[in-house]
Number of protein chains: 2
Amino acid sequence: MKYGVTRDYVIGLEFVTGTGDLVRVGRRTAKGVVGYDLVGLLVGSEGTLGIITEITVKLRPLRDPERTIAGYFPDLVSAGRAVTAVAAAGLTPSALELVDRTCLQAVDDWKNMGLSTEADTVLLGRIDTPGAQGDAEAALMEQVFSDSGAGFAVVSSDPQEAELLFAARRLAYPALERLGDVLTEDVCVPKSQVAPVLAEIQAIAARHDTVIANIAHAGDGNLHPLLITQPGDAAARERAQLAFHEIIDVALAAGGTVTGEHGVGLLKMDGLHAELSAPVVELHRAIKSAMDPAGILNPGKVFRAHG
Amino acid sequence: MKYGVTRDYVIGLEFVTGTGDLVRVGRRTAKGVVGYDLVGLLVGSEGTLGIITEITVKLRPLRDPERTIAGYFPDLVSAGRAVTAVAAAGLTPSALELVDRTCLQAVDDWKNMGLSTEADTVLLGRIDTPGAQGDAEAALMEQVFSDSGAGFAVVSSDPQEAELLFAARRLAYPALERLGDVLTEDVCVPKSQVAPVLAEIQAIAARHDTVIANIAHAGDGNLHPLLITQPGDAAARERAQLAFHEIIDVALAAGGTVTGEHGVGLLKMDGLHAELSAPVVELHRAIKSAMDPAGILNPGKVFRAHG
């Protein structure tokens, strides 16, 4: 969360254009503003503007050790409120992850980690500010968790315990896949909207009789509701699809985006057209035509070619 | 230096397109990957792709207090070596600025600050890491300055003194303008190339009998050689132009870019065509045509419209 996303580190590219040229764009320097930012245009274009053959990234020095702060919340929404409160307290954690009861239960059923008996929803924060100030920030986050309704909040003094908690976070997705087919959402909302959007997601799950588990890169407002259906249950699949689209509508109404990190492909194409205005889609079409005049680069993906 | 450049903070834009639409692109969220990065494409396009009418920026918490580390070097090139050594030591200063003898002298002649008697070239570093680790990093930078040849290096314990040094840095440009016409360079080179490129700039100054003062956002490798000529001296102006273009050639040969932050406009148009390959310029033309089909947005700037 503190250090941004991969695209922030891509400073140069080599790629094959739609007309068959092998070109190099970007730079090797810390700064540079010569011409259009074609690196940024290519990153996230999902193969529709060129085929990337080499990537130049900038590096950071190795990070400082982190402290882990765990908060055990009685419900999803109070955990969401804590996320907003962490930002409001001026904290910039290196990570702030959310794992809900359904995920904890699925991990426990698989790995017997004993997490689901202790919390409905877990927030896992990390602080890598060095020294006494880092200790103070970790203590502040613990306090913010408590003030936001956590039944239990602690700065972990045990690296193995902290690692176990993050292992549970990482195991959530494969654990859920053991339960059925998983349809993965990827909406991202303003930090102030995390709690109300999580509440809406719960209401959508109830309304459509669909199991929705939640993991989230919560500190970024990047939510991953995971809609679970049983293979072969077409009616359940249809209900999940309705829920999926309602979550998108809720995220957009909250000032969010349909995809925080996974991209559009085919799955979020309707979402893209819901999020972007018609003239902005026209700009996409114009740029696509300009860079891929023959229409041979990953055709039919990301946005509809015609209105 | 530590926190990147303004473009890294622009996450949303409203702009008027070349076809007269008022559009909104980007996001209000921490992350988002829906469609092409039109925000990044517009930032730095110098008015050639749209007229920006509103900008959404992300904010950071207020920064921690900084320590200032000053290094007084006997020559430009040893200061340049110190810049590379700071990066190699794993330090990420919040600022690392360079001011050379010509600038110090010009500031002294104007403001009587007494700087030019103490150093040929000054490096000013800042560290905002909190607490004891920040103190250790500042001490390490002081040591790196000394090891790189500084005759005097110190972590300033006096905020007023530190402010005075940065005031001299800020006054350098207006002080030089009192000496004549100033032609401002803006090349940016890899951090490893700062010292050799500064040596080449000195050689170019001597070869073309041109006064070249140097200020630099040195930690980013962003150099601002300032070529000074007397108004009306056409021969000197011509020599300065030759020097200007040779500096660009040197920067490109070192793996750098012709413009680190100022942009292209008309002044660096030749430089852009030297830096970018013909197919990359063609991509610029294609994108320009796509987004400004009537050619009405700041026409004739940044790159030549035809090959």
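Domain bounds come from an automatic or database domain assignment. For chain A, that assignment gives domain 1 (6–57), domain 2 (64–175) and domain 3 (180–275). The C-alpha centres of domain 1 of chain A and domain 3 of chain A lie 31 Å apart.

This is a predicted model, in which local features need pLDDT of at least 70, side-chain atom pairs count only at pLDDT 80 or more, and totals for chains, interfaces and linings use all residues. Residues are numbered from 1 along each chain as its sequence is written, chains are lettered from A and ligands numbered from 1 in the order in which they are written, and side-chain values use heavy atoms, with hydrogens and water left out.

Now to chain B. Helices (H or I, at least four residues) and strands (E, at least two) are DSSP runs, numbered from the N terminus. Two strands pair if DSSP finds at least two bridges between them. Chain B has an open sheet of three strands, in the order β2-β1-β3, with antiparallel pairing. β2 (22–26) and β3 (51–57) of chain B each have a single partner strand, so they stand at the edges, with one side of each left without a neighbour in the sheet. On average, neighbouring strands of this sheet are turned by 15° against each other, direction ignored. Strand β1 (residues 10–16) of chain B runs antiparallel to β2(B), and five bridges join the two. At B:V16, the bridge partner in β2(B) is B:L22.

A helix of chain A meets this sheet. Helix α9 (residues 278–291) of chain A packs on the sheet and touches β1 and β2 of chain B. Contact means heavy atoms within 4.5 Å. The direction of helix α9 of chain A makes about 70° with that of β2(B). Axes here are lines fitted to C-alpha atoms, for helices over the stretch in contact, and angles run from 0 to 180 degrees between N-to-C directions.

Next, the aromatic rings. Rings of Phe, Tyr and Trp (its six-membered ring) pair if their centres lie within 6.5 Å; planes under 30 degrees apart count as stacked, over 60 as edge-to-face and the rest as tilted. The structure holds six aromatic pairs over all chains. One of them is B:Y72 with B:F152, edge-to-face, at 5.4 Å centre to centre and 70° between the planes. This pair links distant parts of the chain: B:Y72 is in strand β4 (residues 67–73) of chain B, B:F152 in strand β7 (residues 152–156) of chain B, and they are 80 residues apart. Buried means under 20% relative accessible area, exposed over 50%, partly exposed in between (1.4 Å probe, protein chains only). B:Y72 has 10% relative accessibility, so it counts as buried. B:F152 has 42%, so it counts as partly exposed.

B:F73 and B:F145 form another edge-to-face pair, 5.7 Å centre to centre with 70° between the planes. B:F73 is in strand β4 of chain B and B:F145 in helix α4 (residues 131–147) of chain B, 72 residues apart. B:F73 is buried at 1% relative accessibility. B:F145 is buried at 0%.

A:R126 lies in strand β6 (residues 121–127) of chain A. A:R126 is buried, with a relative accessible area of 14%. A:A106 is found in helix α3 (residues 101–111) of chain A. At 2% relative accessibility, A:A106 is buried. A:A106 and A:A172 are 66 residues apart in sequence, yet 7.1 Å apart in space, C-alpha to C-alpha.
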